[in-house]
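Here are my notes for a colleague who is opening this one for the first time. Have a look at the model, then read the points in order.

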Amino acid sequence: TSTTTGALQVAGGAGIAGNLYIGGSAGTAITHTGHIIPSANLTYNLGSTTAWYNTFYGVSTQAKYADLAENYRADTFYNPGTVLQFGGTAEVTVAEADTTRVAGVVSTNPAHLMNGALAGINVVPLALQGRVPCNVIGPIAKGDLMVSAGFGYAKANNAAGVGQVIGKALTDFGGAKGQIEIVVGRV
């Protein structure tokens, strides 16, 4: 034990088999001078779905998922892939066919979620940019401009007007109804 700080100092390192509980005050519970490295890639989390850290100061070099989303209040629950528009009894609602009020597509797993603390009964992460699964009505060719087909679906329309475009199709689709990946925000 240090005579000046009361801290335990172990020169050769220490192994702890069980949980380690650390207390502290004024944000100085853990101070380190070396790297913190997991024993295997993509194995451990920092925080959990119910216990978040407050503010992260650092640099991120990559993301696991592929879209930028923002939370909005919806008038009811919507499944991922549903096309929404601005309007209804809340901020967003299911999109009408060919609307110029299109807002985006409900995200599955956003790489970055803005407005994460938004509270409400039906908060939906709306993909604003990037690739995301989307409910579609075919036929669709890769690269087609996607607009609202109504009822939460998108369709191809390569002569779309201003404000109608959701994004571009990433794959061909010959079926009647289904789900494909599109790139939201690409015109």
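1. Let's start inside. The largest nonpolar core has 17 residues, and the ones with the most contacts inside it are Val 83, Val 105, Val 136 and Ile 182. By nonpolar core I mean a set of buried Ala, Val, Leu, Ile, Met, Phe, Trp, Tyr and Cys residues joined through side-chain atoms within 4.5 Å. Buried is under 20% relative accessible area, exposed is over 50%, and partly exposed is in between (1.4 Å probe, protein chains only). S4, S6 and S10 are the elements that give two or more residues to this core, and S6 supplies the largest share, 4 residues. Strands here are DSSP runs of E, at least two residues long, numbered from the N terminus.

2. A word on the ground rules. This is a predicted model, where local features need pLDDT of at least 70 and side-chain atom pairs count only at pLDDT 80 or more, while totals for chains, interfaces and linings use all residues. Numbering runs from 1 along each chain as its sequence is written, and side-chain values use heavy atoms, with hydrogens and water left out.

3. What does Val 105 touch, not counting residues up to four places away in sequence? Its partners include Val 83, Pro 125, Val 132, Ile 166, Ile 182 and Val 184, with contact meaning heavy atoms within 4.5 Å. Apart from the core above lies another core, of 9 residues, among them Tyr 72, Tyr 78, Val 92 and Leu 126.

4. Now the charges. Side chains of opposite charge can pair when their charged atoms come close. The structure holds 3 salt bridges, each being a side-chain nitrogen of Lys or Arg within 4 Å of a carboxyl oxygen of Asp or Glu. Arg 131 pairs with Glu 181, with the closest N and O atoms 2.9 Å apart. Arg 131 sits in strand S6 and Glu 181 in strand S10 (residues 177–184), so this pair ties together parts that are 50 residues apart in sequence. Arg 131 is partly exposed at 41% relative accessibility, and Glu 181 is partly exposed at 31%.

5. Lys 155 and Asp 98 form another salt bridge, its closest N and O atoms being 3.2 Å apart. Since Lys 155 belongs to strand S8 and Asp 98 to the loop between S3 and S4, the pair ties together parts 57 residues apart in sequence. Arg 101 and Glu 96 also meet through their side chains in a salt bridge (3.4 Å, N to O).

6. Check the backbone in the loops too. Asp 98 has phi near 60°, a positive value in a residue other than glycine. Phe 151 also has a positive phi near 60°; Phe 151 lies in the loop between S7 and strand S8 (153–156). Is Phe 151 buried or exposed? Phe 151 counts as exposed because its relative accessibility is 77%. The peptide bond from Gly 138 to Pro 139 is cis, with omega near 5°, and Pro 139 is in the loop between strand S6 (123–137) and strand S7 (145–150).

7. Ile 16, Leu 20, Ile 22 and Ile 30 make a nonpolar surface patch of about 410 Å². Patches are made of residues with over 30% relative accessible area and no salt bridge, with nonpolar side chains (Val, Leu, Ile, Met, Phe, Trp, Tyr) joined within 5 Å and like charges within 9 Å. Accessible areas come from the Shrake-Rupley method with a 1.4 Å probe; for residues, only the protein chains shown count as cover. Ile 30 lies in the segment before strand S1 (67–73) and counts as exposed at 57% relative accessibility.
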